[in-house]
Every structure is written in structure tokens, then in C-alpha cells.
Amino acid sequence: MSTTARRLDTAELEDRVKRMYQEVALEPEKEFHFETGRPLAERLGYRADELDRIPAAAIESFAGVGYFHDLAGIAEGDAVLDLGSGSGTDSFIAALATGPEGRVVGVDMTEDQLVKARRLVDDHGFTQVEFRSGYIEEPPVEAAAFDAVISNGVVNLSPDKPAVFAAAAAALRPGGRLALADIVSERQLPEGVTCDASLWAACIGGAMQRDEYRAAIESAGFTVETWRVNDAYRFVSERADNATAKYGVTSISLLATKRA
Ligand SMILES: C[S@@+](CC[C@H](N)C(=O)[O-])C[C@H]1O[C@@H](n2cnc3c(N)ncnc32)[C@H](O)[C@@H]1O
């Protein structure tokens, strides 16, 4: 466990995160500290023609922080793991690229997100997509079985980010790709922010300092190929805005490849 994990009440954090994303699944029209839904997805760079081909109910609960599918390079027949799949937007977008011959496994810990995403699989005939209950630090998947691991707005929520990157590396074949969007900070956040479970659940309190974040990915056995800042992402509450301005909290997208 990281130092942060020792200072933070991780049980309370898990409970807060689950409650927040249960609401995102069940009441997506509510106001959160962050934006949700199709307008957000389009602003971040999701293509309208692709969004039109996946379930609208998944997109209404979309709570990602950036676009990375152009970096992920998912090809027909690929196996893809989506860490923190929520209601399924990125899993379904990935499934468009893998086609029915590929497969996509989404992993999430929030029951209502899983229930919603699984219903959409059944209703919309995405036979190559499956959603599993589990933690991103220890996803219930086979080792070295995936061509790509994707994730959107989730790693920042984990109190043990090195474990998440190690799990991604373990799931990938050599040469496999990790493509994600996430929140990082320019400066180390103070304990007042990192120990505030509601700021964690809003994707701010858990933002890791960006050089440390990059180093954690490299230490897990990856080479970072692309790193870009997503200016289009913004937080919506005043409290969130203050923290982001003060500590340089930003959204990034990246591509990393697993070293052989
Ligand atoms: C910000 S939402 C993003 C969901 C989805 N990727 C999207 O773009 O809409 C974060 C999701 O990660 C899940 N999550 C957070 N921490 C997790 C963990 N440690 N293990 C598994 N799922 C987690 C939450 O349940 C929630 O569904």
C-alpha cells in the first residue's frame, strides 16, 4: 500500500466512491462535482458517429475525463480490458473496434454500474463485451491475455496506483498497450485534500503528482509513448475549481507499451 493509503480511510473512500458512482448509474441527470453524459464525451473528443453506435444509456452515465481511443490502436479481434468500466461507454466504443471476433472485459466495483452495463450488453447485442465485478488493483482476469488495457477517470480514485499499473502489466501480452485518461496534479496535493474522501470521490483528492504518476507506470514495466494534457476537461463545483487552480490538477491522456 502507498503512503497515501495509510493516511486515508480507505474503507470510507471505497464507500463514498461506490455511493457516488451508484448515483451516476441510477440518476445521471443529477449534478455532480464533475460533468457527465454525451455533451462531455463529445467535447473530450469522442466521435459523434461512434457514440451513435453504442447504447445511449451508457453515455448518459459517462463520467470520463479524456479521450484516448486514438492512442489505444485497438484492432479487429483484439482482447481489451477496461479498468473501472462504469456504465460501459469505453467498453462499447472499444467493442466497435474489436468487432464480434474480439472481446472486451470491463471491471468495476460498483454493483449498479455493473447491473446497468450488463443490461445494455443484453439489450444491444454486444456479444463480445462482458462486465465483471472486481477491483482494478486486482482485476479478476487471466494473465498475459489482453492486447490493450484502457481506463478513463479511474486510476486517480485508487489509493494504490502502483498496484493498478502492475495489474495492467500482468493482464497484457508483451508489447501490449495501456491507453488511459486520468487526473494528475502539477504539485503534490496537501493532506487536507488527499484525506478528504469526498474530494477523492470527485476525482481530485487522489490525483498523483504527474512525474510520480509517470514513474509509477514505468516502474510497472511500461514505456510511456505519448502524454498529452486534455484542456477540454473541467471540474464544475467551486470547491473543485479552487483545488484544481491551486495545485494544477489536470486531465491527461497517455499511451504506454508493455516492455518485453
Ligand atoms: C469516474 S467513473 C468512470 C467510469 C467509466 N470509465 C466512464 O468513463 O464512464 C469511475 C468508475 O470507477 C469505478 N472504480 C473506482 N475505483 C475502483 C476500484 N478500486 N476498483 C474497481 N472499480 C473502481 C467506480 O465504481 C466508477 O464506476
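Predicted model: local features only at pLDDT ≥ 70, side-chain atom pairs only at ≥ 80, totals over all residues.

Residues are numbered from 1 along each chain as its sequence is written, and side-chain values use heavy atoms, with hydrogens and water left out.

The side chain of glutamate 23 meets that of lysine 30 in a salt bridge, at 2.9 Å from N to O, and a salt bridge here is a side-chain nitrogen of Lys or Arg within 4 Å of a carboxyl oxygen of Asp or Glu. Lysine 30, at 36% relative accessibility, is also partly exposed. In total, the structure holds 19 salt bridges.

A second salt bridge is formed by the side chains of aspartate 70 and arginine 228, again at 2.9 Å from N to O. This pair links distant parts of the chain, since aspartate 70 lies in helix 6 (residues 69-72) and arginine 228 in strand 7 (residues 222-229), 158 residues apart; helices (H or I, at least four residues) and strands (E, at least two) are DSSP runs, numbered from the N terminus. Aspartate 70 is partly exposed at 45%, and arginine 228 is partly exposed at 26%.

Is the pair of aspartate 78 and arginine 177 buried or exposed? Both residues are buried, and the closest N and O atoms of their salt bridge are 3.0 Å apart. Aspartate 78 sits in the loop between helix 6 and strand 1 (79-83), whereas arginine 177 belongs to strand 5 (residues 172-185), 99 residues away.

Turning to the pocket, I use a 1 Å grid over the protein atoms alone, on which a pocket is an open set of points where a 1.4 Å probe fits, with protein on both sides within 12 Å along at least five of seven lines, and lining residues have an atom within 4 Å of a point. The largest pocket is lined by 36 residues, and Val17, Gly84, Met109, Val154 and Leu157 lie nearest its centre. Helix 2 gives the most to this lining, with 5 residues.

Key. Buried < 20%, exposed > 50% of the residue type's maximum accessible area, 1.4 Å probe, protein only.
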